[in-house]
Amino acid sequence: MSKQGPDGGGADEGERELLSGSSEQRCRARLAAGARRGKGGVAAAAAVLVPLCSVRGRPALLYTLRSRRLGGPHSGDVSFPGGRRDPADGDEVATALRETREELGLQLGTASVWGQLRTLPDRHGLTVAPVVANLGPLEDLTLTPNANEVEEVFTLPLAHLLREENQGYTHFRGSSGRYGYTLPVFLNGPHRVWGLTAIITELTLELLAPARYRRKTHVPAASPSPRTPEGTSA
C-alpha cells in the first residue's frame, strides 16, 4: 500500500513548476550533458529508479521500504526501486525499469525516463546508476508491490524535502577517529531517508530546484559505512 507523506495540502504555482514541461526539458538537457561527459566509462553494476510523481497535484518522490524478509544489510532500509544489473539488461535504464516492474508491478516505458544522474558507489563499493523518471499522477497508477522485496511504498512531497527543517546531516569519523565527512539525511516523514538514497535525493533536488536547493554535503569518492556516525544535526 502506498502512503502519502506529510504536507497533504494543495500545490502552489512554484511547486507545480518543479515537474512542468519547461522543467522537464531543462532537466533532460542537463542530464544528457552529464551523460556525454561521462561517455566511455564502465557500466554501473546496479541501477535504481528515482521515481518522480504527483500526489493530488503535488510533485513528490516515491520511496520504498525494503522488506525485512530479504535479510542482509539493506533489509528494512528506505530505498528507491532497483538492484543489480542482469546480463540480459541492455543498459542501466533497462535495469532500473526491470527492477521497478519486479518490485512495484509498474510497466514503464523509456519515454518516462528523463536521464541518469552520475553513478555513485554504495557502502560496499558497488557502483549504482540513478535513473530519473516521471511516473505522472500516482492516482492513475496501480501499484502491486512484491511483498518479498517491498514492505511499504510511500511518497514525500518535493516541497517537504526542500524545507530546511526537514534536512539533517550525519557526521562520520574516519578510521583514525578524526572527523571525516558529512552526508545528508531527510527527516520528519514516515521514515528517515538516509545513506545512498539520501545522497540521490539530494542530487535530484539540485537537478529540479537549483535556485532553491544547494548541496551542503560532500559526496566521497568511496561511499562510507553508515554504521560509524558521529551524530546527526538538523
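Visitor: How many salt bridges does a search of the whole structure find?

Guide: The search finds six salt bridges, where a salt bridge is a side-chain nitrogen of Lys or Arg within 4 Å of a carboxyl oxygen of Asp or Glu. This is a predicted model, in which local features need pLDDT of at least 70 and side-chain atom pairs count only at pLDDT 80 or more, whereas totals for chains, interfaces and linings use all residues. Residues are numbered from 1 along each chain as its sequence is written, and side-chain values use heavy atoms, with hydrogens and water left out.

Visitor: Which side chain meets Arg-58 in a salt bridge?

Guide: That partner is Glu-15, with N and O 2.8 Å apart. Arg-58 belongs to strand β3 and Glu-15 to helix α1 (residues 13-16), so this pair ties together parts that are 43 residues apart in sequence. Helices (H or I, at least four residues) and strands (E, at least two) are DSSP runs, and they are numbered from the N terminus.

Visitor: Is Arg-58 buried or exposed?

Guide: Arg-58 counts as buried, because its relative accessibility is 5%, and Glu-15 counts as buried too, at 6%. Buried means under 20% relative accessible area, exposed means over 50%, and partly exposed is in between, with a 1.4 Å probe and protein chains only.

Visitor: OK, and what does Asp-77 form a salt bridge with?

Guide: Asp-77 pairs with Arg-123, and their closest N and O atoms are 3.9 Å apart. Asp-77 sits in the loop between β3 and β4 (78-79), and Arg-123 in the loop between β7 and β8, so here the parts tied together are 46 residues apart in sequence. Asp-77 is buried, with a relative accessible area of 13%.

Visitor: Where do Arg-98 and Glu-102 lie?

Guide: Both are in helix α3 (residues 92-104), four residues apart, which is about one turn of the helix. Arg-98 is buried at 13% relative accessible area, while Glu-102 counts as partly exposed at 37%. Salt bridges that share partners join Asp-89, Arg-98, Glu-99 and Glu-102 into one network.

Visitor: Switching topic: how many residues of β3 are buried?

Guide: Eight of the nine residues of β3 are buried, and the strand is mostly covered. Strand β3 (residues 58-66) pairs with β9 in the antiparallel sense over seven bridges, and two strands count as a pair if DSSP finds at least two bridges between them. Within this pairing, Thr-64 stands opposite Val-153, and Leu-62 has Thr-155 as its bridge partner.

Visitor: Why is β9 described as largely enclosed?

Guide: Strand β9 (residues 150-157) has seven of its eight residues buried, so the rest of the structure largely encloses it.

Visitor: Which residue in β4 is the bridge partner of Leu-65?

Guide: The partner of Leu-65 in β4 is Val-78, and β3 and β4 pair in the antiparallel sense over two bridges. Strand β3 also pairs with β2 in the antiparallel sense, over four bridges, with Val-55 opposite Arg-58.

Visitor: What do β2 and β3 form?

Guide: They form a hairpin with two residues between them, and Arg-56 in the turn has a positive phi of about 50°. Most residues other than glycine have a negative phi. Arg-56 counts as exposed, because its relative accessibility is 56%. Asn-188 also has a positive phi, of about 70°, although it is not a glycine, and Asn-188 is found in the loop between β11 (179-186) and α5 (195-208).

Visitor: Last one: which residues gather in the patch of positive charge on the surface?

Guide: The patch brings together Arg-26, Arg-30, Arg-36 and Arg-37. Arg-30 is in helix α2 (residues 21-37) and is partly exposed, at 43% relative accessible area. Patches are made of residues with over 30% relative accessible area and no salt bridge, with like charges joined within 9 Å and nonpolar side chains (Val, Leu, Ile, Met, Phe, Trp, Tyr) within 5 Å. Lys and Arg count as positive and Asp and Glu as negative, while His and the chain ends are not counted.

Conventions. Areas by Shrake-Rupley, 256 points an atom, 1.4 Å probe, with all protein chains shown as cover. Charge placed at Lys NZ, Arg CZ, Asp CG, Glu CD.
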